Amino acid sequence: MAENPELTRREFGRAALALGASAMLPGWMRAQELDAQPPSVSFSGPNSLRFHAAARGLLYGAAVNPALLDVDGVAAGGTNDIYALLVKEQAGIVVPENAMKWEGLRPAPSIFDFTQADRFMRSAALAGQKVRGHNLCWHEALPSWFKSTVNQANARTHLTRHIRTVAGHYRGQIHSWDVVNEAIDPEDGRPDGLRKTPWLELIGPDYLDLAFHTAAEADPHARLTYNDYGIELDSPDQTRKREAVLELLQGFKSRGVPIHAVGVQSHIQADGPQPGVGLKSFIREAGKMHLEVYVTEMDVNTHSLTGGPEAQDAAVAEVYRDYLTLVLAEPNVPIVLTWGITDANSWLNEMNEPWAKRKDGAKQRPLPFDENLKPAPAFFALRAAFDSAPPRRKRRG
Ligand code: XIL
């Protein structure tokens, strides 16, 4: 679906004007010029993902890099930053891509630096957005001092202090916390499927319950989430991993561990097999445990997709449509987030990994907005999937 770039600018101009920013608009966004534009396919305001999701009782959102946001400009009443305007318009919920990870908050063992994370919170508050916290306990993004500082004798203290301080700092302001990220990996060979992480090795399997209990005490208002990837497909590997995640969740429930949701990251390959009955029954099993299921990090990996840009965009849109149709049919799936919002800022275009780099050197096209911040076919697929989702009932309590 080809979009006229002028129309896209007009959309941003409208959004900027709505923010009271006309005095700061560049020439191409002045009001007279906007009015001179022909009518167009609109994607802002009532035509946004945020609005269409909300109309069904759903939340749509995205991972955001706070360093890219002109928070001071927005706070001062106007900004030229079209990325900030896009995030504000489209996302009803946001998650900091890296700013709340240990590495983002902990420059030294005794220091908590909330500068970037606080900027992010301010931006979300200005845009009236809910916030997901990501994450309190993970085997990656650990600071460089971790290895030489954290040992068997002090690991429990380090973990609980971190969770108490961070979740406590944002107490009452977080919709949901990814308390533990990616704790399952059957490939590590343990009968319980637990990944051999530093936390497991230093504390033992009890680190999981400890993390959730500590988070619940620090912020009793947040929905506490277990988040993982590679649990979407019907392949033998992913089926095994999904079963291990279910066992973990059942264990939490049977021990009275406070947990409210499971995050399915949803990094999907554009080519190859697509999710199906396995994921559907996983969502239903979670529902039987009174758990919500959040699509936490969706994007569509196009590193090995053949065909030109238009063919790739069509394939990506189809994956979004099929995936969201599958998961949104289940009533305990109230939230969809994409990992980033524009192809210009996708981690898939930043990672120097074989699963990220295209052979032809072109950029990946994984997200609802393209490199120029124009809506891609995926945007329309997401919006249509929200429109046809059964309306959610409000959660009680
Ligand atoms: C990624 C970020 O997007 C990158 O910028 C960073 O270099 C590595 O981490 N699963 C997760 C996210 O839970 O935290 C990861 O984010 C993507 C995979």
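Ala155 is buried, since its relative accessible area is 0%, where buried stands for under 20% relative accessible area, exposed for over 50% and partly exposed for what lies in between (1.4 Å probe, protein chains only). The model is predicted, so that local features need pLDDT of at least 70 and side-chain atom pairs count only at pLDDT 80 or more, while totals for chains, interfaces and linings use all residues. Residues are numbered from 1 along each chain as its sequence is written, and side-chain values use heavy atoms, with hydrogens and water left out.

Ala155 belongs to helix H9 (residues 155-169); helices are DSSP runs of H or I with at least four residues, numbered from the N terminus. Leaving aside residues up to four places away in sequence, Ala155 touches Val150, Trp199, Leu202 and Ile203, a contact being heavy atoms within 4.5 Å. Ile203 lies 48 residues from Ala155 in sequence, yet their C-alpha atoms are 6.5 Å apart in space.

Across the whole structure, a search finds three cavities of 30 Å³ or more. A cavity is a set of points on a 1 Å grid over the protein atoms alone where a 1.4 Å probe fits but cannot get out, and its lining residues have an atom within 4 Å of a point. The largest cavity has a volume of about 100 Å³, a volume being the space filled by probe spheres set on the points, which are joined across faces, edges and corners.

| Helix giving two or more lining residues | Residues |
|---|---|
| H4 | 71-75 |
| H5 | 82-90 |
| H7 | 115-126 |

H5 gives the most to this lining, with four residues.

Key: 1 Å grid on protein atoms, 1.4 Å probe; cavity = no way out; pocket = protein on both sides within 12 Å on 5 of 7 lines; lining within 4 Å.
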